[in-house]
Each structure stands twice: as C-alpha cells, then as structure tokens.
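Subject: Structure handover

Hello,

Here is the structure I promised to pass on. Please open it first, then read my notes below.

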Amino acid sequence: MNLFKIMWGALRYEFLMQIRRPTLWLVFLGFALFFTNQSTLRDLTAESLPPLQLAALLALLTNWLAPLGVGIFLSDRLSRDQRTKVDELLNTLPSTLHLRVLSKYLGATLATLTPAFLLYLLILGLAVWQTGNFLLIPLGLFCYVVIVLPGMFCVAAFSIACPAVIWVPLYQFFFFGYWYWGNLLSPSFGLPTLNGTVLTPIGSMIGMSFFGIPSYRGVVGPYPAINGVVSILALLGLAVLVLVALSQFLRWRQALM
C-alpha cells in the first residue's frame, strides 16, 4: 500500500508538472487552428462513407500532428529532472527505479495526451456538426482507443527513454524527420519507409485492418484483421521493452555515480 501511495504521488506530480506547461497548450491550439482551416476535414465529411470508416479516418487525420507534439513535449522530462535536481530527491524515496520510471511515464504521458485528446474531440465535433450523424461520437471514441493510443504509448516511451542517451534537441530533430518519413511518406516515393508496416505508430495498418480503409498515404489495403492485432501488440510491446531498457540504463548510470 505504501508503494502504491508513492507511485500515485509521483504520477500525480508528473501529471501536474506537464499539464501546466503553457507551451503544450499553445502548440495544440495551433494544431486545432490548422485542422479547422483545412479542407481535408470538409472533404472527408462530404464523402458518403460508412460512419465507422469515417471515424477511423478522423482518428488518422488527428494523428498527422498530435503524436509529433506528444513526442517532442515528452522528450525533455528526464533532462528537466536532472537540471532541477528532482532526480536526486526521487532517489531518496523508498521505491524501486522501475516504479519511478513507470510513474514518470504514465503521469507525463497522460498529461500530454490531454490536449491531444481534446484536439480529437474538436475534430470529431466538427465532423458531427457537418454530417449531423451523432453515431460518430461513440464510434470515434472507439477508434481513438484502437487506432491512436497504441502508437501514442509507443511514441511516449521512446521520447522519454531516448533522450537519456541522446541530446534532447538532436532527438527532437530526428523524431520530427522520422515522423514524416516513417508514417506519412508514401512507399511509392522511392525511399524505404516504415509506412505500411505493423510498426507504423500513426495507426494506418490498424485502420486498414479493422475498419476497411482501402488505402492510406500510398499504402493500399485493406489488410486482414490479424495485421491490426499484430500492429497493436508490436507497438505496445515496444513501449514496454523501451521502458524496461530505460530502467536498466538508469540503474547502471546510478551505480557509476
């Protein structure tokens, strides 16, 4: 019970530290202005698509930018703790390193996902207003959980862990390039890309496997449902492996001090 209280306290601290960052809200406000002034949303709602397929496409549309903001805003969590000496304070608490890493991951990730989820609700609300179909609300929430969250959790794990060994601005630069190369670049462009594989965190493989999306960003579907299952398991499995590796690395670095 004592460990649970410590974990809850650390999670709450991380959540509040992250959600109070004004730049986090300003960036997602900018994303909202971008999407509300873009013709893509109007084009989607103008098509005669089945509600479930439209909800899946709206989730993928949100994923153009939202994971990019989540990854970049999570990438400085470890370095901020080192800068402010918070990590030294946390080392004195009677909890395991694995528990502290998990608390940091869950608290900071949930806080960063809050404006990302509100952005999706805005897009979903606009789609309901334009189509008059209120069935999009429950379907949209379902699609958000299935399509968006697995990739978000994977991106969050890498963005917290990688800056432990890479300079934060360098990681942010590489992550920005990776997001468009590995998720939005069409395979027909001529460059090798992860787009269209089960390791695509934008969720296109999941969307084409479960929701019958015929094609997305140059990848032609649909795919069997098993591909979507494998994609979800692969993304969540990668997140777990990265967090375990981060805990081991921090333990090794702590032993050297």
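A pocket here is an open set of grid points where a 1.4 Å probe fits, with protein on both sides within 12 Å along at least five of seven lines. Keep in mind that this is a predicted model.

**The pocket**

Start with the second largest pocket. It holds about 210 Å³ of space. Which helices each supply at least two residues of its lining? They are H9 (136–161), H10 (168–184) and H12 (225–256). The lining residues are Cys154, Val155, Phe158, Cys162, Tyr171, Phe175, Tyr178, Leu194, Leu199, Pro201, Leu235 and Leu238. By class, twelve are nonpolar.

**H8 and H9**

H9 also packs on another helix. Its axis comes within 10 Å of that of H8 (residues 97–131), and the two cross at roughly 150°. The crossing of H8 past H9 is right-handed. On the H8 side, the contact is made by Lys104, Tyr105, Thr109, Leu113, Ala116, Phe117, Tyr120, Leu121, Leu124, Ala127, Val128 and Thr131. H9 brings Leu136, Ile137, Gly140, Leu141, Cys143, Tyr144, Leu149, Met152, Phe153, Ala156, Ala157 and Ile160. Together the residues of this contact divide into 20 nonpolar, three polar and one charged.

**H4 and H8**

H8 meets H4 (residues 51–62) as well. Their axes come within 10 Å and cross at roughly 140°. That angle makes H4 oblique to H8. H4 passes H8 in a right-handed crossing. From H4, the contact takes in Leu54, Ala55, Leu58, Ala59 and Thr62. From H8 come Leu119, Tyr120, Ile123, Leu124, Ala127 and Thr131. How many residues of each class does the contact of H4 with H8 have? Nine are nonpolar, two are polar and none is charged.

**H2 and H5**

One further pair deserves a look. H2 (residues 22–36) and H5 (residues 66–74) pack at an angle of about 165°, and their axes lie 10 Å apart. The cut-off for roughly antiparallel is over 145 degrees, so H2 and H5 are roughly antiparallel to each other. H2 passes H5 in a right-handed crossing. Thr23, Leu24, Val27, Phe28 and Phe31 of H2 touch Ala66, Gly69, Val70 and Phe73 of H5. Seven of the residues in this contact are nonpolar, two are polar and none is charged.

Best wishes

Key: Residues are numbered from 1 along each chain as its sequence is written. This is a predicted model: local features need pLDDT of at least 70, side-chain atom pairs count only at pLDDT 80 or more; totals for chains, interfaces and linings use all residues. Side-chain values use heavy atoms; hydrogens and water are left out. On a 1 Å grid over the protein atoms alone, a cavity is a set of points where a 1.4 Å probe fits but cannot get out, and a pocket is an open set with protein on both sides within 12 Å along at least five of seven lines; lining residues have an atom within 4 Å of a point. Grid points are joined across faces, edges and corners, and a volume is the space filled by probe spheres set on the points. Helices (H or I, at least four residues) and strands (E, at least two) are DSSP runs, numbered from the N terminus. Ala, Val, Leu, Ile, Met, Phe, Trp, Tyr, Cys and Pro count as nonpolar, Asp, Glu, Lys and Arg as charged, and the others, Gly among them, as polar. Axes are lines fitted to C-alpha atoms, for helices over the stretch in contact, and angles run from 0 to 180 degrees between N-to-C directions. A crossing is left-handed if the near helix is turned anticlockwise from the far one by less than a right angle, and right-handed if clockwise. Contact means heavy atoms within 4.5 Å. Angles under 35 degrees count as roughly parallel, over 145 as roughly antiparallel, 65 to 115 as roughly perpendicular and the rest as oblique.
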